[in-house]
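Open your viewer and get ready to click along. We will hop from one selection to the next, with a short note at each stop.

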Amino acid sequence: MTVIEPVQKYEDIPAGDLLVTVMRKRQAEFRLVQICCAVVNNQYEVIYSFADDESYELTNIRVMVGLNETIPSICDSYPYANYYENEMSEMFGLKIEMIDGDYHGKFYRIEATEPFLSKKAKEERAVEAEEIRKAAEEAANMPAPEKDAPDPASKPEIKVIKKEGGGE
Amino acid sequence: MTTAVRVIFVVLYVLLAPLIGALLAGIDRKISARMQRRIGPPVLQPLYDVIKLLKKQVIAVDRSQGFLIVSYMILTVITGCLFFAGVDVLMVFFILGTSSVFLYLAAVVTGSAMSSMGAQRELVQDMAIEPALLFSAVGFYLATGSFEVGSIIGGPVSAIVKMPGFFAAFLFVLTIKMRKSPFDTAQGTHAHQELVKGITTEMGAKNLAYFEITEWYETVLMMAVVAIYIINSHPASIIAAIVVILLVYFLEILIDNTCARLKWKDMLVLSWTVTLISAGVNLILLMVI
Amino acid sequence: MGKKSVIPFGPQHPVLPEPIHLDLVVEDEVVEEAIPNIGFIHRGLEGLAEKKDFNEMVYVAERTCGICSFGHGMGYCEAVEKLMNVEVPERAKYLRTIWMEFSRMHSHLLWLGLTADAFGFESLFYECWRIREWVLDIMEKTTGGRIIFSVNQVGGVHRDLDEDQIRFMKGELDRIERDLKNCEKTLFEDATVQKRTRGIGVLSKQQIHDLGAVGPFARASGLKYDMRMTGYEAYGNLDFEPVISDEGDCYARILVRTKEIYQSIRLIRQALDQMPAGELSVPVKGMPKGEAMVRVEQPRGEAVYYVNGENTRFLNRFRIRTPTFANLPGLCQMLQGANYADVGILVVSIDPCISCTER
C-alpha cells in the first residue's frame, strides 16, 4: 500500500485578506475541513482548515480577531460553513456577519450564552467596547475644519462642458 | 341454523373472542421472538398489557377521542356478531369498512402530525383491502349460491374448492389487515418507524386498550372468514379449518419476520394487482363454468 | 391535501439513534426543507480541557461518544503526542490499530442493525446486533470494557495482549466473518430491502465534494478519501485500499460499510501477525506547548483533533471536529424533495452520532 505523507501548513493572514484567501482555496477545489476558534491573549484566534483530497495536504489559515471586531462569513464560497460559524458565534461570542442561514443564537438549544468565553475575556471585551465607544464619541465631537483649507472629504468639482445646441 | 344456535354463537363470540385474540397475539410475539433468537415475552403478555392500560389515567388531547374509539370498538363487535349470527357476508364487509372511518376520525381529532399522517395511510390501507374483501363475498355467492354464512358452511363441498384465487387474494390482504410487514405502514407493532406509532401515536390508557381489544375481535373475525372457506357440512372439516387457520397465522408471522416495510404506494399497487389477477381470473372462471 | 406543515422530527423519536432535532417542512408527504438544531446532549467537554490535567483529559475525550469512543481517545493522544514530540513504541501502535479496527467493526454492525430497523426489518436488526455482541465480548476480554475501553494514555497504551487472547480473537473473527456472510445475502439481495434503499438519497461525487462530506458517506458516492492512507499508527505497514462505490444511494452506503467490516477483519489479522514485541508506553516529560492538528479515520469519517497548549498542565484549547458535523449539510441536501417515509432511512444513512457532534 502506498502511504501518502500528509503535509501541514500554517499561514497567518490579517482579517482583511480572509475572503480573498478563502476564494482562492475554493478555486483550487479544496475542501473546508473545520473552523476552530480559541481565545488567546484576549483575542480570538480563528483557524480555517482546508484539505486537498488527492494529496491529503492540510492548510491552516490563522486569523487574529479582536474581541469586538467583526469578520465576514465565508458562506459564499463554502455554503456549509454556516454550521461552524453559527457554533463559533454562539459558543464564543465571535461576531460574524452575513452568515447564510443565521440561527441568531438558537443553533444549540442550550440555556447558557457564550459558555466557552471565560469571565476574564468577557470583562476585557466590555472594557474594550467602552474604549471604542469613547473614541467614537470624541471623533464625533471634534471641531469643524477651517474654511480656507480645501476639505479633502468633499467631492471634486464636475466641470460641465456646454455644447452649442445645433439646428434648433 | 336455528335462532338458538345463532344466539349461542354470538354470545360465545362476544365473550371468548378477546381471549382467543389475546392468545393469538401472544403466540405471535413468542414465535417472532424465537425466530429472532430471543426468548420473548410470556404468551399472555397482551392480556397483561391491556389490563395495565385500562388502569391508567387518560390524558387525551381531545375528549371526543374516547367516544370515537368506543364507537369503533362497538361497530367492529357488532360486525363480528352479525357474522357469527350467520347473516350475509357482503353486509359484514361493508360495515367493517364503515367502522374503520371511526378509527380514522379518532386519530385525526388530536391534530398531531404523526397521527394524522398515520390516519391517512390507514385510509389508503382500507382502499387496498376493500376490493379483495368484496371479491371474496361475490365469490362466495357464485360458488355456493348464497351470501349467508349459514348456507356457505352448510354446503356439501368446501367453498375453497371453487374459489382458490379468491382465497389467495384474501390471504394477501390479510397481511395488510393484520398490520404486518411488509404492509405495516399505518401502524406497526414496533414503534421504530418514521411516524412513531402511526395511527395510535396519540392514543393512550383506556383508548389504546380499546384499540387493542378491537384488534383482537377483528383478528378472530378474519380467522373466521378463513374458516368459512374450508367448513362444509361434514364435521371433520371443522378440524381442517382450525388447522388451516393456524397455518395461515404462522405464515403471517413468517412473512412479517422476513420482509422490510414497503411504502404505501407499493402496497396499493401490489394488493390491487394481486386481487385483480388472482380473484379476477377466478371470477371469470366461475361465471363461465 | 396541499397544505404545508412543519413536522418536528426528534429529538425524541424511535427511529433516531441519537437526539437531533429536524424541523421538516412537509407538503403532501414530500419534505421541502429540513432545518437542523442540535444541543440536546451538549456537555461542554471542550471546556473541560482547561480544567483537567492533560493526562486525565484522555478519559474525558473518550466519553465524548459511546460508539466511537476509542477513536476519540486515540485522536486526543496522538494530538498531544505530536505536540510534545513523543514517539510511541511500535507495539503500542499496533495494539491501537487493532482496537481501532474492532471499534470500527462494532460501530458498523450497530449501524447495520439500525438501518434494518429503520426500514422495518427487525429480524435483520437482531442478527446484526447478535454478531456485534461477539465483537463486544472480545473487547471486554482484552480491555476490560465493552464500549469505553480506557486503554489509551498519552505515550502509549495501558494493556497488552497475550497469546491466549490473540488465539481467542482469531477464533472469534472467523465466526464473525462466517455469520456476517450469512446475513449479507439478505442485506444485499432481498427484494423489499432493495425497494427501500435503491435510488433513495442519491448524491453525486461533485455534490458530495461541494458539501464537504467525509467517511463512508462520501466513499459511497465515489470519493476515494480515507485518512488511514496517510499511515498514522500502524496503518503504514498494513495493506488495504479504501472501499468505494459509485452509486451514491442508501444501498451503496450499506454496501460500503459492510465491505469495510470485512476489510477491518483482514486488517486485524494482518496486524496480529505483524505485531512486534516491545514496550507498551514511554514516559512523557514536560508540559504541552504550541499547537498540533491531527486527523484520524473514525468509523464515521475523518475526525480532526486540535490541541493548543501554553506550557501549563492544562491545555488552552482542545477541539474535536467530528465527522457527523461535516455530514450534516449532506443530510439536509438529501432531505430536500424526499418522501416522508424515507426520512428515517436518510437520517440513519449518514450514520449520525450526535453525541460526538455536540460534545
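A residue is called buried under 20% relative accessible area, exposed over 50% and partly exposed in between, using a 1.4 Å probe and protein chains only. This is a predicted model, where local features need pLDDT of at least 70 and side-chain atom pairs count only at pLDDT 80 or more, while totals for chains, interfaces and linings use all residues. Residues are numbered from 1 along each chain as its sequence is written, chains are lettered from A and ligands numbered from 1 in the order in which they are written, and side-chain values use heavy atoms, with hydrogens and water left out.

**Stop one: the chains.** Color by chain. Contact here means heavy atoms within 4.5 Å. Two pairs of chains are in contact, and chains A and C share the most contacts. Chains A and B do not touch, and 23 Å separates their nearest C-alpha atoms.

**Stop two: Ser245(C).** Select this serine in the loop between α9 (215-219) and α10 (250-274) of chain C; helices (H or I, at least four residues) and strands (E, at least two) are DSSP runs numbered from the N terminus. Its relative accessible area is 10%, so Ser245(C) is buried. Leaving aside residues up to four places away in sequence, Ser245(C) touches residues including Arg219(C), Gly222(C) and Val256(C).

**Stop three: Val304(C).** Move on to strand β7 (residues 301-310) of chain C, where Val304(C) sits. Val304(C) is buried, at 1% relative accessibility. Beyond residues up to four places away in sequence, Val304(C) touches Val33(A) and Gln34(A), as well as Met293(C), Val294(C), Arg295(C), Arg319(C), Ile320(C) and Arg321(C).

**Stop four: a helix pair in chain B.** Show α7 (residues 164-177) and α8 (residues 205-230) of chain B, whose axes come within 11 Å and cross at roughly 170°. Axes are lines fitted to C-alpha atoms, for helices over the stretch in contact, with angles from 0 to 180 degrees between N-to-C directions. That angle makes α7(B) roughly antiparallel to α8(B) (over 145 degrees; under 35 is roughly parallel, 65 to 115 roughly perpendicular and the rest oblique). Display the side chains: Phe166(B), Phe170(B) and Leu174(B) are among those in α7(B) that meet α8(B), where the partners include Met222(B), Val226(B) and Tyr229(B).

**Last stop: cysteines.** How many disulfides are there over all chains? The count is zero, a disulfide being a pair of cysteine sulfur atoms within 2.5 Å. Zoom in on Cys183(C): the closest cysteine sulfur, in Cys128(C), is 4.6 Å from its own, too far for a bond. Cys183(C) is buried at 5% relative accessibility, and Cys81(B) is buried at 14%.
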